[in-house]
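Morning, everyone. Let me put the structure up, then I'll walk through one chain, one residue and one interface.

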Amino acid sequence: MIEDDLRAAFARHETLAPPTGPLRAAIDRVAHRRRRRRLRLRLGGTALALVAATLVGFTALAPPPPAPSGQVAAPTSPAPTGALNVLLLGVDAAGGGRRADSVLLVHVPADRSRLYLVSIPRDLPVSLPGGGRDKLNVSFAAGAGRTVDLAAGYRNTRQVVAQLVGVPIDAGAVLTYPATRELTDAVGGVPVCLPAAVRSVHTDRLFPAGCQRLGGAAAVDLLRQRYRLRDGALDRDRNAGRYAAGLLRRIQEQGVLTDPAGRQQGVIPVGYMIDSGAGTAGPATST
Amino acid sequence: MTYEEFADTRLSALLRYAVMLTGDPHQAQDLVQDTMVRVQLNWRRVVRSEAPERYVRRMLTNQYIDWRRGSWARRVLLRGEPDEAVPAPSDHAQSAVDRDQIWSWLSRLPRRQRATLVLRYYEDLPDAEIAEILGCAVGTVRSSISRALATLRAETVEVH
């Protein structure tokens, strides 16, 4: 009987089982290592979940650029559950044909245990919604046109990125230079650890290798640097990732975005366009 | 129950189970290690389930079925001592009486079928419990077993 043969074969091979002692030690070692790493990531993860929750908690906000008035709505929806994809765009100086040179996709898993920052190269050739192919960073300008409509540019880039990566984007924000400056200062500076020194081509400021806390102006300066970096725009993207991680950590430490009083004081700066994910009907200025 | 108590009492049984699944002590170690690391990190969730052991067995089985799907076949095992020399069989009938023939046939079964056989004929679990571990219907377990047995029987007939 084949069934009996099977039983016998299984029983015979029980002796193959190795001793458990070394295995037990190996399990403990790996678990210990992973627990430590998880702890480190949790810091960042919590911060991000917080930001994501805050972003989605707001209704869309995009103050008309000529008449700056940083108004923020009270949270209208409960904190989101489930995995989230948040799109962060860093755009260059105002003027016609604004480009989104820093494109960061942040994935927050449903259990909020960690976060994934995916930086998308701005030079990536993509199909634009209006037809034609161009670099990713152009998609923002293609949406916004000659206007300074951040929301339109954001929507266009969001569509391109969603198509490119094949994941839905639940929320997002656009950061202009002034917005980045104010946000950075509002959280009391952002820690950034650089693997190599960077000298600004704009201000000649030297950012030494190692960890430092950057104020608003310095952060913007660093985020603009590309020419003297070894990998050019790719290195700039890496710096943007480091900045984003530091910013999120600061936000968590301070609880700024979740503090209603902080919002009243205009902590969310002008030019910080937020997509609530709720349909994104447009640049709804809220009260 | 603490994780330590669980590992003290159940680790060797799980390891034997993994050996039956993978047919190889080294892969079994890998499989158990990967599973038990997750068990340890998520111990609270494991212990909250009504039957931690079944929960872990289920984790391990799923890991075996899904884990790096397809890559095991390509994996090369590097180890110090050479494989035991298999004497070249004089003919097929000779190899059929080789005690380990059925063991090597097992390795050609799809993983899910092999897991079903191990749970049935090594762990002696009833169909309902096997279905729960594999996350499928009882009928699927039965058809899976009969298909696997048919394959093994065909091998036996072929060499006779």
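Terms first: helices (H or I, at least four residues) and strands (E, at least two) are DSSP runs, numbered from the N terminus. On that basis, chain B reads α-α-α-α-α-α-α-α-α along the sequence. That is nine helices and zero strands.

Ground rules. This is a predicted model: local features need pLDDT of at least 70, side-chain atom pairs count only at pLDDT 80 or more, and totals for chains, interfaces and linings use all residues. Residues are numbered from 1 along each chain as its sequence is written, chains are lettered from A and ligands numbered from 1 in the order written, and side-chain values use heavy atoms, with hydrogens and water left out.

Now chain B as a whole. Of its 160 residues, 46% count as buried, meaning under 20% relative accessible area; exposed is over 50%, partly exposed in between (1.4 Å probe, protein chains only). Contact means heavy atoms within 4.5 Å. Among chain B contacts with a separation of 6 or more, 67% come from residues 24 or more positions apart.

Next, a single residue. B:Ser146 sits in helix α9, residues 138-159 of chain B. Why does B:Ser146 count as partly exposed? Because its relative accessible area is 43%. Its side chain has a polar atom 3.1 Å from the backbone oxygen of B:Ser143. Along the chain, B:Leu117 is 29 residues from B:Ser146, yet their C-alpha atoms are 9.5 Å apart.

On to the interface. Here 25 residues of chain A are in contact with 35 residues of chain B. The two chains bury about 3,000 Å² between them, 69% of it on carbon and sulfur atoms. Buried area is the accessible area (1.4 Å probe) that two parts lose on being put together, summed over both. In chain A, the residues losing the most area to chain B are A:Ile2, A:Phe10 and A:Arg24, together 22% of what that side buries.

How many salt bridges does the rule find across the interface of chain A and chain B? Four. The rule wants a side-chain nitrogen of Lys or Arg within 4 Å of a carboxyl oxygen of Asp or Glu. One of them pairs B:Arg16 with A:Glu14, closest N and O atoms 3.9 Å apart.

Which elements of chain A give two or more residues to the side that touches chain B? They are α1 (2-12) and α2 (20-57). The most comes from α2(A), with eleven residues.

Conventions:
A polar contact is a pair of N or O atoms within 3.5 Å; within protein, one must be able to donate a hydrogen and the other to accept it, and residues adjacent in sequence count only if both atoms are side-chain atoms.
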